[in-house]
Amino acid sequence: FAHYCAELLGAAGSVQVRRMFGAHGMYIDGLFVAIATRHVLYLKADATTAPADRRAAIRWQPGPTPSA
């Protein structure tokens, strides 16, 4: 599954897959963008990507706010 996801993400750049925490981390051009686990792909999102995610009908839930 992780390698299938990497193929899909390949259109965005050079994808590296690394095992992490019993799952697979996905990096595009060295930037962490997703994690694949239990046949689910979780994409990293933030307020900048939220409008595009909504247009693509991707469910988006904000994470905890980083403390200063």
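User: How do I read "buried", "exposed" and "partly exposed" here?

Analyst: Buried means under 20% relative accessible area, exposed means over 50%, and partly exposed lies in between (1.4 Å probe, protein chains only). Phe32, at 28%, is partly exposed. Tyr27, at 13%, is buried. This is a predicted model: local features need pLDDT of at least 70, side-chain atom pairs count only at pLDDT 80 or more, and totals for chains, interfaces and linings use all residues. Residues are numbered from 1 along each chain as its sequence is written, and side-chain values use heavy atoms, with hydrogens and water left out.

User: How are Tyr27 and Phe32 arranged as an aromatic pair?

Analyst: A pair of aromatic rings is described by the distance of the centres and the angle of the planes. Rings of Phe, Tyr and Trp (its six-membered ring) pair if their centres lie within 6.5 Å; planes under 30 degrees apart are stacked, over 60 edge-to-face, the rest tilted. The count is one aromatic pair. Tyr27 and Phe32 are edge-to-face, 5.4 Å centre to centre, with 70 degrees between the planes.

User: Which residues of helix H1 are buried, and why do they line one face?

Analyst: An α-helix has 3.6 residues a turn, so residues three or four places apart point the same way. Helices (H or I, at least four residues) are DSSP runs, numbered from the N terminus. In H1 (residues 2-9), Ala2, Cys5, Ala6 and Leu9 are buried. They line one face because they fall within an arc of 105 degrees, seen down the axis; the arc is that of the directions from the helix axis to the C-beta atoms. On the other side, His3, Tyr4, Glu7 and Leu8 are exposed.

Methods: Helix = DSSP H or I, 4+ residues; strand = E, 2+ residues; numbered from the N terminus.
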